Amino acid sequence: MLSNLQDAAKAAGRPVPLLLAVSKTQPAEAIATLAAQGQHAFGENYVQEALAKIEALRGLALEWHLIGHLQSNKAELAARHFHWVQSVDRTKLVHALAHQRPRDLPPLNVLIQVNIDDEGSKHGCQPQDIDALAAAISAEPTLCLRGLMAIPAPWPDAARRRAAFMRMHALKQALARQYPQADTLSMGMSSDYAEAIAEGATMVRIGTALFGARARPA
Ligand SMILES: *Cc1c(COP(=O)(O)O)cnc(C)c1O
């Protein structure tokens, strides 16, 4: 997979992005196998499902990213056990995570999730909400604003997919001008990572292309 990312980055004249291995539905053994090959960062969608794996693999010192929708009543567990939360999309969640992050841990890295194609079915904030969320996050010493995340609509038309990635890149550049630590743009999955990299993704979230097809839908 790494060489695929390198090829895509080279073809586009872009830096090679970080690879987040999306391990939802995968057993701890499959994660340990990838970790033994040098993979460090793993993404999970559900807090409860992730906790058992985080605990089982504690000795490997992996980096855990929450990429699924987070209910406020799960914020305490997320703030305690994850290193990154990529799905922050409302101020109530900002405050819950900030309040619950243990003071003896480094700040929790957070990404603002943007509903870039304005799909009613999707979580994420609207682009015009980014400023207020960024201000709320950066006011919290227990949080670190690291950038933006999006799951664009899977348009069959490549030009439409690229347009969504381009809009995300512009939003991230504007954010980073105000908040230099916001260096991350998380977008691109198994089917569209090359396009995401071409438009400026710094982190791609890959499940199927790494682990094979999921046995059950996530
Ligand atoms: C499942 C998932 C991915 C990975 O999807 P694949 O198509 O398996 O690579 C990436 N991001 C999010 C938010 C996901 O839920």
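Which elements do the buried residues of α3 pack against? I found α2 (28–36), β2 (41–44), β3 (63–66) and α4 (75–81) there, with contact meaning heavy atoms within 4.5 Å. Helices (H or I, at least four residues) and strands (E, at least two) are DSSP runs, numbered from the N terminus.

A note on the ground rules: this is a predicted model, where local features need pLDDT of at least 70, side-chain atom pairs count only at pLDDT 80 or more, and totals for chains, interfaces and linings use all residues. Residues are numbered from 1 along each chain as its sequence is written, and side-chain values use heavy atoms, with hydrogens and water left out.

**Helix α3**
I listed the buried residues of α3 (residues 47–56) as V47, E49, A50, L51, K53 and I54. Buried means under 20% relative accessible area and exposed over 50%, with partly exposed in between (1.4 Å probe, protein chains only).

**Helix α7**
I then went to α7, which runs over residues 158–178 and has 21 residues. From first C-alpha to last I get 31 Å, close to the 30 Å expected at 1.5 Å a residue; the expected span is 1.5 Å times one less than the number of residues. R161, A164, F165, M168, H169, K172 and L175 are the buried residues of α7. Seen down the helix axis, they fall within an arc of 140°, so they line one face of α7; the arc is that of the directions from the axis to the C-beta atoms. On the other side of α7 I noted A159, R177 and Q178 as exposed.

What covers the buried residues of α7? I see β5 (108–114), α6 (130–138), β6 (143–150), β7 (184–186) and α8 (193–198) among the cover.

I looked at E195 too, which is found in α8. E195 counts as buried because its relative accessibility is 15%. Not counting residues up to four places away in sequence, E195 touches A158, R161, R162 and F165.

**The ligand**
Which residues are around the ligand? Among them I noted V22, I67, I151, M189, S190 and R214, with a heavy atom within 4 Å as the cut-off. An oxygen atom of the ligand is 2.7 Å from an N or O atom in the K24 side chain, and for the N45 side chain I wrote down 2.8 Å. G207 brings a backbone N or O atom to 2.8 Å from a ligand oxygen.

Key: A polar contact is a pair of N or O atoms within 3.5 Å; within protein, one must be able to donate a hydrogen and the other to accept it, and residues adjacent in sequence count only if both atoms are side-chain atoms.
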